[in-house]
Every structure is written in structure tokens, then in C-alpha cells.
Amino acid sequence: MGAADDDGPGRSMSGAPGRGPLSFLRLFGAVRESSHRDSNGARGRGPAVTPALSWLFYAIATLTVTALIVATGGAPTSLAHLYYLPILYMAVRYGVTAAVISSVIAGIAVGPWMITSSPATDRQTTSAWLVRLGLFVLVGVVAAVLARSRSRQLNVMVRDVYVAQGLRAAVRQDTIRVHYQPLIDLTEGDVIGFEALCRWHDSKGRAIPPDRFIPEAERTGVIMALGRRVLHRAVDQGHRWADRGRRGLLITVNVSAVQLSEPAFLADLIEVVQADGGDAFQLCLEITETAIIADPVRALATLRQARALGVTVALDDFGTGLSSLAYLAEFPIDIIKIDRSFVAAIGTDPKSHALVRAMVQMAHALGALTIAEGIETADQLKALRALGCAIGQGYYLGFPGDVDEVEWEPREMVPANEDSVDTGAPR
Ligand code: C2E
Ligand code: MG
Ligand code: MG
């Protein structure tokens with residue numbers, strides 16, 4: 001699962017090329033060294049049977065069955081069922097195409113015109129043969145599809161267990177880190193806050209991106225402990241900044257659907273907010289449209305209570321979920337974060353530009369602020385300022401980084417386009 005391409009335990013088993021019991025097969029290209037991933041997701045190397053050798057196995061098995069049928073008086077006979085063995089092997093190993101090819105070959109082998117067809121017994125009719133052929137194909141294809149989906153499910157389960165185990169240990173050992181990405185006021189260029197983004201290095205020290213462990217953490221419930229740790233860290237950091245004179249920062253923390261539906265999350269929130277007890281900084285929960293849809297009733301109750309505690313709410317990745325706009329009116333949303341896919345296309349795609357304009361105007365009409373995510377170029381910044389977007393975030397303005405990497409200097413604001421729109425956004 002990590003980015004590193006390190007060698008796994010399989011290497012010592014395979015030995016150097018040209019040695020070991022499989023070396024004669026390697027000479028013919030029937031077995032090759034291949035990378036694979038072990039159950040931990042780590043890459044390893046080992047001998048793998050090539051398609052050429054599999055097809056050879058398949059041909060030998062098919063010819064053996066054919067010889068058996070001929071030796072026992074010819075088809076149709078129940079011995080023809082033995083063709084299913086090589087078909088299933090190819091289907092499970094190589095999928096639907098191999099299943100179809102091997103079934104058709106087996107079908108041809110038992111065709112009424114082949115040597116397997118015995119003149120001594122009743123010759124099978126063409127329709128009986130077609131049914132047999134159809135069954136070969138059907139069984140092969142079903143086996144291929146089942147094998148693929150079962151192995152995918154199994155992979156997901158194995159990965160979930162591995163990731164959850166690693167994350168639990170990281171939370172216990174307090175090795176989960178939080179990076180902070182600056183939020184920039186698009187009028188003056190000042191740093192007005194940060195998004196807290198969770199960082200995890202696995203037991204081999206490899207950095208795992210959140211997209212590759214948050215879904216696993218959600219499925220296994222580890223997200224509760226992980227989210228709690230990130231929340232506490234971000235709040236502690238907010239206090240540290242306030243103690244150093246940087247008061248009133250907006251600190252946003254991502255909250256998953258699972259957390260929103262658990263009463264324990266609210267208890268965590270109450271704990272940190274009560275410890276806060278002042279205006280040192282503004283805590284904001286980032287939720288996604290998907291998190292709302294997952295359990296709207298509980299989400300609404302949790303967010304209302306959060307609001308009552310003085311915590312604000314941001315709708316993350318806005319425009320990418322499938323939620324209804326009715327939620328915007330119903331839910332206590334203070335900030336709308338325009339997804340970076342719209343920002344990326346703002347200069348090139350007039351429709352994206354129009355959508356961003358509509359999002360900014362809608363947010364302002366609802367009394368919410370807008371944060372544009374994923375600003376990567378000066379042109380995007382210029383366009384967003386012209387549209388009246390209040391806050392910006394993105395690599396152009398600052399990468400996520402450790403606390404000591406934070407750059408506080410105001411960013412240089414490129415002049416907004418002449419058609420600058422004043423939307424009356426709260427600043
Ligand atoms: P997000 O909340 O939308 O966070 C923004 C993501 O965009 C971050 O990715 C950030 O590094 C990346 N980003 C920021 N500026 C740019 C840019 O200019 N260009 C591009 N291409 N990307 C940019 P990251 O840190 O990999 O996080 C990915 C997602 O993982 C987050 O998306 C969030 O949904 C989730 N996540 C991260 N930390 C946590 C956490 O503590 N709890 C939960 N529940 N989810 C988290
Ligand atoms: Mg976010
Ligand atoms: Mg986002």
C-alpha cells in the first residue's frame with residue numbers, strides 16, 4: 001500500500017534468476033519474476049506462472065479429457081463434464097475473456113463432427129451440442145465474475161484489517177501527525193486560519209495519504225479515535241498560536257459521516273470546547289455533503305449542538321456530492337468550500353466559471369462565507385477574487401505542512417479582473 005517499492009519476503013523464496021527448481025521453466029519464459037503485493041499491501045517479488053504456462057496446462061488438461069472420451073467410446077458422455085476443470089482454472093485465473101475462449105475450445109472439442117463424437121452411439125444433435133457449449137461458457141463466465149468480486153471483497157477486508165491495526169497503534173503511540181494548510185483572506189492576502197489535515201506514516205515509515213486510510217478508518221470505526229486525536233491536536237495548536245499572539249484564527253477540522261452519527265463525537269467536542277473557554281480561535285467542523293446524506297437527522301442534531309457550543313460548520317468539497325440544495329437551507333452552514341475541481345477549470349471552462357460565480361452568490365445570499373479550495377495558479381486566484389470569493393486555499397497560497405513550516409507573511413494578491421463583482425460578502 002505504501003508508495004515505496006521495497007522488496008518483500010517473496011524475494012528470498014524466488015532466488016536469483018537461473019537457479020532453483022523453477023529455473024528450467026524460466027528459461028522458456030513460462031515462469032517469470034513478478035512483483036506482487038502481500039496481505040500487508042507491501043510489494044514483494046516471486047515466481048509467477050505466466051499466461052503461456054497456464055494455457056499449456058489448459059491444453060494438456062483438455063487433450064487428456066478428449067483422449068479419455070475417445071478411449072471410452074466417444075461423446076456425448078458424462079466425461080465431457082471434466083472439461084469444466086480446465087475452464088474453471090482459466091476463468092478464476094484470467095477472468096471472463098479466458099473463460100469464454102477456453103469454453104469455446106472445449107465446446108469445439110465435443111462438437112458432433114469431432115473425433116470425440118462416436119459413430120457407435122447416437123450422434124448428438126446440433127441443438128444438444130449448442131446447449132453443452134452454452135453451459136461451458138455460462139459456467140466459465142459466472143466463475144470468472146464471482147472469483148473477481150470475491151477476491152476484491154477479500155482484498156478490501158484484508159486491507160481494512162491491516163490499516164486499522166496500524167492506525168490503532170499510531171493513535172496509541174501518538175504518532176499521528178497533523179499538517180496545517182493556510183487559509184488566506186483574498187482581500188488582503190493575510191493568513192486567517194488553517195485546515196488541519198491528518199498525516200500517518202505506517203510501521204515502515206511510509207507516508208500514507210489520507211485518501212488511502214480515511215475510508216478504511218471509517219469502515220472499521222478507527223475514525224473515532226483518529227478523529228478525536230486530530231481534533232485535540234488542532235485545538236491544542238490553536239491555543240498555542242493564541243498564546244503567541246495569533247488570536248482569532250479559523251481552525252478547521254475534517255469530520256467524517258461516522259463521527260457525526262456517534263454521540264461520542266459530541267462528547268469530545270464538548271470536552272475541547274469547554275477547555276477552550278474563550279475566543280482564542282474559531283473552531284470549524286468540515287463536513288461533506290455525503291456525510292449529511294448518510295444520516296441527515298443525526299447530522300443535523302449534532303451540528304446544531306456544535307453550533308450551540310460556538311463551533312462553526314463548513315461544507316467541504318461543495319458541488320461534488322449528491323445532496324439536495326434543501327440541506328443548505330436546513331443545515332447550519334457557515335462556510336461553503338468550493339471543490340477544487342471547479343477551481344481547476346475556472347480559467348478554461350466557462351461553465352465552471354459560471355458555476356463558481358453561482359456558488360459564491362448563493363453562499364452570500366445564505367449568509368455563508370466561501371473558501372475556494374485547490375488554488376494552484378495566479379489566474380485562478382485573480383478570477384476568484386473577481387467573483388468575490390472571500391477565502392482561498394491551495395498550493396499557490398501555501399502547502400499543508402508542519403507547524404514550524406507555517407509562513408505567516410501576507411500573500412501577494414494579484415489584482416482582480418476589471419469585471420470584479422462586489423457581492424457584499426461578509427469579510
Ligand atoms: P479535504 O478536506 O478536501 O482537504 C483538502 C485536500 O486537498 C488535502 O489533501 C490537501 O493537501 C489537498 N490540497 C490542498 N491544496 C491543493 C491544491 O492546490 N491542489 C491539489 N491538487 N490538492 C490540494 P489531503 O491532505 O491528502 O487530504 C485528502 C482528504 O482526506 C481531505 O480532503 C479530507 O477529506 C480527508 N482528511 C484529511 N485529514 C482528515 C481527518 O483528520 N479526518 C477526516 N475525517 N478526513 C480527513
Ligand atoms: Mg477538508
Ligand atoms: Mg475539500
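Strands β4 and β6 run parallel in this predicted model, and four bridges join them.

How enclosed is strand β6 (residues 249-254) by the rest of the structure? Six of its six residues are buried, so the strand is largely enclosed. In a regular strand, side chains alternate between the two faces of the sheet. Both faces of β6 are covered: one side carries Leu 249, Ile 251 and Val 253, the other Leu 250, Thr 252 and Asn 254, and all of these are buried.

Now move along to β8, which runs parallel to β9 and is joined to it by three bridges. Phe 318 stands opposite Ile 338 in β9. On its other pairing, β9 runs parallel to strand β10 (residues 369-372), with four bridges between them; the partner of Lys 337 in β10 is Ile 371. Strand β9 (residues 335-338) is covered on both faces too, with Ile 335 and Lys 337 buried on one side and Ile 336 and Ile 338 buried on the other.

Finally, turn to ligand 1. Of the 24 residues around it, Cys 198, Pro 210, Asn 254, Gly 394 and Tyr 395 come nearest. The elements giving two or more residues to this shell are β4 (191-201), α8 (223-243) and β8 (312-318). By class, the shell has ten nonpolar, seven polar and seven charged residues.

Conventions
Residues numbered from 1 in each chain as written. Chains lettered and ligands numbered in written order. Predicted model: local features only at pLDDT ≥ 70, side-chain atom pairs only at ≥ 80, totals over all residues. Near = placed C-beta within 6 Å. Nonpolar A, V, L, I, M, F, W, Y, C, P; charged D, E, K, R; others polar. Buried ≥ 20, exposed ≤ 12 C-beta atoms within 10 Å, placed from the backbone. Pairing = 2+ DSSP bridges.
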